[in-house]
Amino acid sequence: MSSDAITIFDTTLRDGEQSPGCSMDTEEKLEVARALVELGVDVLEAGFPIASPGDFDAVHKIAQRYGDRTTVCGLARCRQEDIDRAWDALRDAQNVRIHVFLATSAIHREFKLKMAKEEIVRRAVEMVRYTGDKMAARSDITTPNIEFSPEDAARTELDFLCEVVEKTIDAGATTVNIPDTVGYATPNHFRKVISYLKENVPNIDRAVISTHCHNDLGLAVANSLAGIEAGARQVECTINGLGERAGNAALEEVVMALRTRRDYYGVDTAIRTEKLFPTSRLVAGITGMKVQRNKAIVGQNAFAHEAGIHQHGILQERSTYEIMRPEDVGYVGTNLVLGKHSGRHAFRDRVKSLGYDLDDEVMQSVFEDFIKLADKKKEIYDSDIQALVDQRTYRAVQHWKIVNFHTTGGTGTIPTATIEMTHEDGRRVQDAATGDGPVDAVFRCLERITGVSARLHDYQVRSVSGGKDAQGEVTVQIDCNGRIYHGRAYSTDVIEASARAYLQALNKVSEADGAGREPHQCEGV
């Protein structure tokens, strides 16, 4: 294989967000986009602009803010109104791409599209040309950046797939993406599909071949790597493997496979791998979709060694049982680092060593949080510092704020919560509620004060570090009028963390339209 670069096309904000329960509002998308740009992704698929006003707004703002640092992409079906909407969201940014798609497999032709092969080819060619004309109207664009995806390509007849790919390249597609939309392929199957296109499409050298593999059989990463072996030079993937159903190819796994086995693949990426773990943590926190402990690369156990033989080998030489170094992916364990007598400079150095570059104002706020935490617990761990930074760098809406609260509970008593809150308009409100337990009472009281009723969809508590005085991380997912909203908070008091996480979600409900999103609102490759 030749030694050249693989384009990393991240679709966390589009396909990843379509994963049930993973919807993000515009501010959350901007936060993830910032992390992805710092990670070094080549193309950032920011959303599906025609899907909703919220999606359009997010794509537009991401393109405006980051279009000079990466290529920002919007998805569109092969319809003029979709393409117009995508272009409206992208047109003022510097580096942009429009990604159009149309299904090609027999089952999609018959049951979803009800279109003949000839009609599909005609529509695909017309819409690729239409996209090119729209983009070329901007004087500084000489070669429009257009990606075409034949949806469900892995189940499409090879001769027809070749025809569609050839004609869309002639029409102006500069990238042809070959999706395994339903995760049907196996590595050998997918390798043969890419190889067949390389051998039988006369103009294939005029476009980059891309992969987009779903994980229904757990083979998304393996299939993506097989595509690279066959000549694909772009991989579409998501942080933590988020996506429809069982998800997509996990960016961190693809990137580290290519880096660790460069001797075999002979290719490289521009990803700053030391930012993989922090980015994974950010996405997990915002979406509420936690990473399993034994997840490759970014899981809590990825660099843990329990067996005595393994521990002995690691002590002698780490490479006996570790093919990657934890620091290569920015992995942070729970090493004890600081206490209440640690100074500002030591704290700043530790924050920087963890991979954070904070401005003076945020650093001061995090340090003040650290001092307060040090009064509550004797030992501060790296993971505690990460939690403090996460709280300060994630900018959540705060229409309501908790001033103080009190709860009672226990055997033979009625669990009760009393809460005092302030609103951004200056109001100060006190109320109380009872519930099945102190947490339930807190949630009911928050709903009474905010005037927002919701159904608790998911509630999780986990320890940030070890010890009885560890911070608890609480994540909640609520359903309000068919839309999903998330909240997350940290505290050594898990009831306090629960209250702040739930209030964060309720505040999002109070935001303008687009703060939540109906599941399965839009289709995609």
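**Close-up views of a predicted model**

View 1. R109 is located in helix α5, which spans residues 106–113; helices (H or I, at least four residues) and strands (E, at least two) are DSSP runs, numbered from the N terminus. The model is predicted, so that local features need pLDDT of at least 70 and side-chain atom pairs count only at pLDDT 80 or more, whereas totals for chains, interfaces and linings use all residues. Residues are numbered from 1 along each chain as its sequence is written, and side-chain values use heavy atoms, with hydrogens and water left out. With a relative accessible area of 10%, R109 is buried, because buried means under 20% relative accessible area, exposed means over 50%, and partly exposed lies in between (1.4 Å probe, protein chains only). The side chain of R109 makes a polar contact of 2.8 Å with the side chain of E157. A polar contact is a pair of N or O atoms within 3.5 Å; within protein, one must be able to donate a hydrogen and the other to accept it, and residues adjacent in sequence count only if both atoms are side-chain atoms. When neighbours within four places in sequence are set aside, the residues in contact with R109 are T104, K114, M115, K117, I120, E157 and F160, contact meaning heavy atoms within 4.5 Å.

**View 2. V121 in helix α6.** V121 belongs to helix α6 (residues 117–136) and, at 8% relative accessibility, counts as buried. Apart from neighbours within four places in sequence, V121 is in contact with F160, E163, V164 and K167. The C-alpha atoms of V121 and L161 are 9.9 Å apart in space, and the two residues are 40 residues apart in sequence.

View 3. Strand β1 (residues 7–10) runs parallel to strand β8 (residues 234–237), the pair being joined by four bridges. Two strands are taken to pair if DSSP finds at least two bridges between them. D10 has C237 of β8 as its bridge partner. Strand β2 (residues 43–47) is also parallel to β1, with two bridges between them, and V43 of β2 is the bridge partner of F9.

**View 4. Helix α10 and its packing.** Helix α10 (residues 251–260) is largely enclosed by the rest of the structure, because seven of its 10 residues are buried. The buried residues are L251, E252, V254, V255, M256, A257 and L258. They pack against β1, α2, α9 (220–230), β8, α11 (262–265) and α12 (276–287).

View 5. Side chains of opposite charge can pair when their charged atoms come close. A salt bridge is a side-chain nitrogen of Lys or Arg within 4 Å of a carboxyl oxygen of Asp or Glu, and the count by this rule is 41 salt bridges. In one of them, the closest N and O atoms of K29 and D55 are 3.1 Å apart. This pair links distant parts of the chain, with K29 in helix α2 (residues 26–39) and D55 in helix α3 (residues 53–66), 26 residues apart. Both K29 and D55 are buried.

**View 6. The salt bridge between R206 and D170.** R206 and D170 form a salt bridge with an N to O distance of 3.2 Å. Distant parts of the chain are linked by this pair: R206 is in the loop between α8 (187–200) and β7 (208–213), and D170 is in helix α7 (residues 158–171), 36 residues apart. R206 is partly exposed at 48% relative accessibility, and D170 is partly exposed at 44%.

View 7. The closest N and O atoms of the salt bridge between R348 and D360 are 3.9 Å apart. R348 lies in helix α14 (residues 344–353) and D360 in helix α15 (residues 360–376), so the pair ties together parts that are 12 residues apart in sequence. R348 is partly exposed, with a relative accessible area of 23%, whereas D360 counts as exposed at 57% relative accessibility. Elsewhere, a network of salt bridges links R259, R325, E327 and D328.

**View 8. A nonpolar surface patch.** L456, Y459, V461 and V494 form a nonpolar patch on the surface, with about 290 Å² of accessible area together. Patches are made of residues with over 30% relative accessible area and no salt bridge; like charges are joined within 9 Å, and nonpolar side chains (Val, Leu, Ile, Met, Phe, Trp, Tyr) within 5 Å. Accessible areas come from the Shrake-Rupley method with a 1.4 Å probe, and for residues only the protein chains shown count as cover. Strand β14 (residues 455–463) gives the most to the patch, with three residues. V461 is found in strand β14 and is partly exposed, with a relative accessible area of 41%.
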